[in-house]
Amino acid sequence: KSYFQQGVRNVNWFVNTLPEIYPDKMHKMTAPFIGTWDIKKRISMHGLNTTLDWFADEGFSWETVDDKVEKEKEKKNLEKDVNTAVADKEIEGKDLVLNVTKLSSEEKEDNGDIDEGEDIIPIWNQTTWESILQKYRDSPSSSPQKVMLPSTNYTEFDIYPEIQGDGDGQLVLNLPDHKLMFFPWGRGVSLSENNLYSMMHDMSMISDAARPLNISNHDVIVLPSRPLVNITIDCENLKKTSGLGEGNWVTSVYTIRLVAAAARVDWKFQCVNNDEIRMERILPWVSSFQPTPDVTEPWPYQGHEPTSQELRGWPSRIDFMIDGIMDDMQKMAVTIMGSLPEMNRTHPSVPVDQPPLIPGIEMEDVVIHFRCGDVLGGANRNDFGMIKFTEYAHWMSNDTSTIGIVTQPFDVGRNRREDMGRVEPCRLATYRLVDTLQSSFPSAKIVIHNEVIDTLPLTLARLTMAKQSFTTVSSFGIFPVIGSFGKSYFQQGVRNVNWFVNTLPEIYPDKMHKMTAPFIGTWDIKKRISMHGLNTTLDWFADEGFSWETVDDKVEKEKEKKNLEKDVNTAVADKEIEGKDLVLNVTKLSSEEKEDNGDIDEGEDIIPIWNQTTWESILQKYRDSPSSSPQKVMLPSTNYTEFDIYPEIQGDGDGQLVLNLPDHKLMFFPWGRGVSLSENNLYSMMHDMSMISDAARPLNISNHDVIVLPSRPLVNITIDCENLKKTSGLGEGNWVTSVYTIRLVAAAARVDWKFQCVNNDEIRMERILPWVSSFQPTPDVTEPWPYQGHEPTSQELRGWPSRIDFMIDGIMDDMQKMAVTIMGSLPEMNRTHPSVPVDQPPLIPGIEMEDVVIHFRCGDVLGGANRNDFGMIKFTEYAHWMSNDTSTIGIVTQPFDVGRNRREDMGRVEPCRLATYRLVDTLQSSFPSAKIVIHNEVIDTLPLTLARLTMAKQSFTTVSSFGIFPVIGSFGKSYFQQG
């Protein structure tokens with residue numbers, strides 16, 4: 001039995017009619033439902049656990065939660081008014097976390113005595129600090145005293161520094177990682193005048209009037225113990241969840257460290273798991289304690305101390321601590337690769353004879369950080385991109401003998417999410433870079449470093465140790481390049497990326513080199529690849545003399561050629577366009593000639609219009625000359641130049657018309673891009689092939705508008721299904737929908753249909769598309785519609801969304817055949833298929849059929865998209881439909897291992913895990929003796945997941961284009977949320 005949430009316009013629209021066809025088997029659920037955009041808002045407002053309460057608890061009420069939020073706001077508003085005394089006040093239903101006494105402006109100046117009996121948060125200034133310090137002298141065992149910083153809206157941050165109870169009364173601000181999140185990017189605690197800068201200067205009581213900082217300035221307050229900012233981060237989790245790269249976080253750490261030094265605040269930064277992750281991550285290598293100099297001591301870094309304007313501004317100026325960055329990078333490099341005193345590669349805190357962490361790594365003359373994944377069209381921005389490959393050779397030393405290129409892996413699974421879909425373009429770009437460099441340095445040894453051993457720290461170490469190191473506009477590669485022992489070469493920085501490097505050549509003119517190389521930003525790269533293809537775009541980077549003007553002129557001429565072909569009413573015979581021959585010398589036929597042209601001139605290479613007259617003439621040609629090559633034709637109502645698609649008449653006795661569609665013509669088929677589902681495309685193309693017009697319906701031999709061809713046309717689609725999954729950005733459910741859509745229209749147009757993956761057998765244990773590969777011969781016009789129910793009308797076929805419910809029994813056949821092939825036949829449970837022998841061993845032995853299987857989509861659903869046409873239903877809804885004697889329940893969901901997830905699910909593994917466990921708890925409370933298993937291990941491939949759903953007695957899904965097919969195709973009862 002099948003259970004599914006009702007479909008909606010964009011997802012599972014076609015399922016809503018199925019319970020009418022199979023009332024005992026198919027069950028449409030209209031469960032209480034929240035869409036993913038609303039889930040995102042709820043999680044933002046109330047947190048994940050409270051949001052999951054709604055799904056898991058039948059009696060849960062948003063009204064109660066919203067009332068709680070209003071009361072919390074009331075509390076915040078009370079705390080926010082710092083000029084009103086609100087002593088020991090409680091808000092009905094919720095005590096204040098702190099009973100806050102707010103001090104008036106006069107009291108701020110005069111309040112030197114802290115009443116021990118009152119739990120208050122005093123304003124931090126010299127008067128209160130001296131009073132608190134006296135308190136600790138009198139009572140050394142006093143607990144830490146929280147304070148408010150005067151110019152900081154502390155309620156926004158929920159941050160209270162504490163005076164530690166020791167003789168010096170040090171003020172300590174402990175910042176956990178969730179307070180540091182996105183620090184310099186304007187979210188959370190952001191780099192503004194009243195936040196980072198003001199917070200630290202408030203702590204040390206240094207105002208702008210106190211500058212320049214020296215003991216003779218009466219505005220300088222000398223504290224006996226400098227304040228401390230202490231930041232402890234779960235660096236590994238940060239990498240998984242924040243969506244920012246390591247380079248962004250290193251920039252953030254150095255930014256806060258710079259401001260701390262200027263504010264004369266001690267600085268401490270560490271990862272909670274430094275030693276465990278330092279071979280994989282960068283942040284452990286910039287962990288440190290940095291004591292601040294006293295106001296009587298000089299600025300601790302190279303050059304002058306930054307002014308308040310330079311510190312408050314954006315972008316931040318971490319060039320003021322370049323020598324601190326060099327120190328970190330060089331210490332890391334010699335720790336990892338070992339000291340080389342003969343090359344001046346040493347660090348004072350690393351013994352020269354200390355063994356390297358990774359032995360056997362050779363230093364190279366040149367190392368280039370080559371960012372090529374997301375750069376190749378991965379973002380709609382132009383502030384990072386690629387430079388001309390020839391620029392590197394321009395700067396490299398003539399005696400260069402070894403060149404290393406550090407870049408992303410060419411193995412998809414080892415890449416960041418944003419790079420996974422561009423592995424092949426990156427590989428091609430890297431090889432073009434190698435070719436360019438090799439032509440300039442033919443004797444040099446060039447090595448690409450992107451194997452498993454090449455972790456992020458080793459990558460930075462290679463760049464730091466090289467004689468010459470290069471990077472372009474990248475917040476990752478810039479730090480080892482400017483921190484290197486050798487010479488540094490970097491593309492000039494822009495406002496949002498590497499803004500701080502542009503002044504460095506002035507400080508180190510012999511070491512630092514700013515390149516102003518010819519450059520294309522990633523958004524423009526994306527447009528160029530779309531217009532000209534990847535290889536032509538790479539020509540610009542690799543070839544010094546390449547000109548876009550030449551290419552664009554070529555494109556214009558190609559357009560001119562297309563426009564000539566497009567005018568099907570103008571005869572354009574044997575025409576050539578200057579500079580480029582036409583691929584075909586095209587003769588276009590006038591409307592009168594279309595009807596009368598029964599003779600095809602053997603001497604002319606033409607593309608005739610496909611109609612009954614030309615078809616009969618072509619067929620006669622093949623009867624006369626059976627060895628003739630296939631004849632291309634144009635379909636009359638299809639703008640073939642848009643598709644570059646020409647069906648061919650095959651040279652055999654029947655003269656079958658065959659349309660071969662390669663995978664790049666099928667891309668995004670029913671989603672409006674490429675060849676799209678419009679009247680003049682898919683529907684018209686196939687009906688043109690079979691010469692069936694709307695007037696020919698109903699299709700029967702007595703209708704004079706029906707043309708009976710001796711051989712039905714064929715649409716033949718062959719796809720690289722594995723590559724499709726990597727590059728298209730669409731899930732398998734979308735592609736299965738696409739395949740069934742085209743198959744339905746082919747059947748209605750009386751066109752034979754053949755679909756296959758180029759590597760069916762190799763990938764069928766991992767992918768779904770091989771299981772819907774088939775040859776479907778179309779019935780003749782004299783034969784009935786081949787699927788359940790009535791034949792769709794032209795309106796039902798032309799419309800969107802597509803109506804693949806008209807071939808539900810074809811979907812069932814595919815899903816059930818797949819299921820028994822994978823899990824084995826169970827004749828005692830009526831789980832068999834006519835084309836699978838009952839005694840055939842299962843592809844995956846030992847998989848047990850379960851009473852209930854639930855497809856639980858929870859990754860991207862938990863706030864991953866700004867749309868509400870898919871989401872989650874109430875967890876209690878499943879139990880409502882499940883049979884009382886349910887003893888086994890399977891939940892198929894995404895893996896809880898980040899690396900085995902789709903890109904769009906990787907950042908939501910932990911929320912998904914929590915949501916799945918809440919679902920288990922909800923089901924177990926209704927079925928306490930049932931065995932519940934979560935299926936998301938390595939064995940649980942996509943085909944096995946679909947097989948489990950298809951074989952179950954009851955199978956469930958919500959609004960998902962993946963889970964819907966095995967549910968509506970199942971042997972048991974089907975339950976789905978309405979589409």
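Which residues of α37 are buried?

**Figure 1. Helix α37 under its cover.** This is a predicted model, so local features are reported only at pLDDT of at least 70 and side-chain atom pairs only at pLDDT 80 or more, while totals for chains, interfaces and linings use all residues. Numbering starts from 1 along each chain as its sequence is written, and side-chain values use heavy atoms, with hydrogens and water left out. To take up the opening question, the buried residues of α37 are Pro943, Leu944, Thr945, Leu946, Ala947, Arg948, Leu949, Thr950 and Met951. That makes 9 of the 10 residues of helix α37 (residues 942-951), which is mostly covered. Here buried means under 20% relative accessible area, exposed means over 50%, and partly exposed is in between (1.4 Å probe, protein chains only). Helices (H or I, at least four residues) and strands (E, at least two) are DSSP runs, numbered from the N terminus. The cover over the buried residues of α37 includes α33 (808-823), β24 (852-855), β26 (888-892), β27 (931-935), β28 (954-957) and α38 (964-968); contact means heavy atoms within 4.5 Å.

**Figure 2. Strand β7 and its partner β8.** Strand β7 (residues 228-233) has 5 of its 6 residues buried, so the rest of the structure largely encloses it. Its neighbour is strand β8 (residues 266-271): the two run parallel and are joined by 6 bridges. Look for Asn230, which stands opposite Lys268 in β8. Strands are said to pair if DSSP finds at least two bridges between them.

**Figure 3. An open sheet of 6 strands.** Reading across, the order is β13-β12-β10-β14-β15-β16, with parallel pairing. The edges belong to β13 (445-449) and β16 (512-515); each has a single partner strand, so one side of each has no neighbour in the sheet. From one strand to the next the twist averages 15°. At one end of the order, strand β15 (residues 487-491) and β16 pair in the parallel sense over 4 bridges, and Ser488 stands opposite Met512 in β16. Helix α18 packs on this sheet, touching β10 (366-369), β12 (402-406), β13 and β14 (468-471), and its direction makes about 135° with that of β10. Axes are lines fitted to C-alpha atoms, for helices over the stretch in contact, and angles run from 0 to 180 degrees between N-to-C directions.

**Figure 4. Where α14 crosses α18.** Stay with α18 (residues 456-465) and bring in helix α14 (residues 322-337): their axes come within 8 Å and cross at roughly 105°. The pair is therefore roughly perpendicular, a label for angles of 65 to 115 degrees (under 35 is roughly parallel, over 145 roughly antiparallel, and the rest oblique). On the α14 side the contact is made by Met329, Gln330, Met332, Ala333, Val334, Ile336 and Met337, which meet Pro457, Leu458, Leu460, Ala461, Arg462, Thr464 and Met465 in α18. These contact residues split into 11 nonpolar, 2 polar and 1 charged. Nonpolar covers Ala, Val, Leu, Ile, Met, Phe, Trp, Tyr, Cys and Pro, charged covers Asp, Glu, Lys and Arg, and the others, Gly among them, are polar.

Figure 5. The structure holds 19 salt bridges, each a side-chain nitrogen of Lys or Arg within 4 Å of a carboxyl oxygen of Asp or Glu.

- Arg767 and Glu732 meet with an N to O distance of 2.4 Å. Arg767 sits in the loop between α31 (760-763) and β23 (774-776) and Glu732 in helix α30 (residues 732-748), so the pair ties together parts 35 residues apart in sequence. Arg767 is buried at 10% relative accessibility, and Glu732 is buried at 12%.
- Asp319 bonds with Arg317, their closest N and O atoms 2.8 Å apart. Asp319 is buried at 6%, whereas Arg317 is partly exposed at 25%.
- Asp524 bonds with Lys527, their closest N and O atoms 3.3 Å apart. Both lie in helix α21 (residues 522-532), 3 residues apart, about one turn of the helix. Asp524 is partly exposed at 28%, and Lys527 is partly exposed at 39%.

Figure 6. Ile507 lies in helix α20 (residues 504-507) and is partly exposed, with a relative accessible area of 35%.
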